[in-house]
Amino acid sequence: MDLAMRWPLRGLFAVRDALIAAWDRNGYHDQRHLADVLDRIDELDRAGERFDRIPVVLAAWFHDAVYDALPEPEERSAAWAEQALPDPPAAEVARLVRLTEHHRAAVGDLNAGVLNDADLAILAAPTERYAAYVAGVRRDYAAISDADFILGRVEVLGELLAAPRLFATEVGASLWEVRARANVTAELESLQRPSLRR
């Protein structure tokens, strides 16, 4: 995967290279995740979703650039974007990155909707890829005990399922909603089995 070729700007290559290095980690939030989010943005673009491509693609590059299991990774990623990019598009990129903390795009916020959906599309992955995603998330939080990880994961999955809709765009919802809800429900049920809660 040649991420360097997918950088959307004609310059700032040192920033690009620093981001590629930051994404080079052993967990779910790695270079494959970045490539997948970029692929899903392209998919939504081809399907006719309207959005401002440059800030959305840059927000994908920055959205999990800081991911170390410490507090406020989205805020620190957004601050990096504000420091590294000219404005425009720095302010919009940082705004979008901050919104990925809760994946709640307001109605009519086309840029946030596309980034939200591209980031959450992994929830609709086939069974084997979904299992790899879950294992990768566990590696991201390797320093946390199994019991605490399960508690946190149950909370996250419950919040996802409580939303009226996981995907903000019509295309995203039509492509991924049903499968994503099935995957998340199955994972949540597996985590709530008594054998895992001891």
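Colleague: How much space lies in the second largest pocket?
Modeller: This is a predicted model. The lining of this pocket has 20 residues, with Ala105, Ala106, Phe167, Ala168 and Thr169 nearest the centre. The space in the second largest pocket comes to about 360 Å³.

Colleague: Which element gives the largest share of the lining of the second largest pocket?
Modeller: By class, that lining has nine nonpolar, five polar and six charged residues. The largest share is three residues, and they come from α6.

Colleague: What is the volume of the largest pocket?
Modeller: The computed volume is about 1000 Å³.
Its lining has 33 residues, and the closest to the centre are Tyr67, Glu74, Glu101, Tyr141 and Val156. They divide into 17 nonpolar, six polar and 10 charged.

Colleague: Which element gives the largest share of the lining of the largest pocket?
Modeller: Two or more residues each come from α4 (73-84), α6 (110-120), α7 (127-140) and α8 (146-162). The largest share is nine residues, from α8.

Colleague: How far apart are the end C-alpha atoms of α8?
Modeller: α8 has 17 residues. At 1.5 Å a residue, they should span 24 Å. The model agrees, because the end C-alpha atoms are 24 Å apart.

Colleague: Which elements do the buried residues of α8 pack against?
Modeller: The buried residues are Phe149, Ile150, Arg153, Val154, Leu157 and Leu160. They cover an arc of only 130 degrees around the axis, so they sit on the same side of α8. On the other side, Glu155 and Ala162 are exposed. The buried residues pack against α7 and α9 (170-191).

Methods:
Residues are numbered from 1 along each chain as its sequence is written. This is a predicted model: local features need pLDDT of at least 70, side-chain atom pairs count only at pLDDT 80 or more; totals for chains, interfaces and linings use all residues. Side-chain values use heavy atoms; hydrogens and water are left out. On a 1 Å grid over the protein atoms alone, a cavity is a set of points where a 1.4 Å probe fits but cannot get out, and a pocket is an open set with protein on both sides within 12 Å along at least five of seven lines; lining residues have an atom within 4 Å of a point. Grid points are joined across faces, edges and corners, and a volume is the space filled by probe spheres set on the points. Helices (H or I, at least four residues) and strands (E, at least two) are DSSP runs, numbered from the N terminus. Ala, Val, Leu, Ile, Met, Phe, Trp, Tyr, Cys and Pro count as nonpolar, Asp, Glu, Lys and Arg as charged, and the others, Gly among them, as polar. The expected span of a helix is 1.5 Å times one less than its number of residues. Buried means under 20% relative accessible area, exposed over 50%, partly exposed in between (1.4 Å probe, protein chains only). The arc is that of the directions from the helix axis to the C-beta atoms. Contact means heavy atoms within 4.5 Å.
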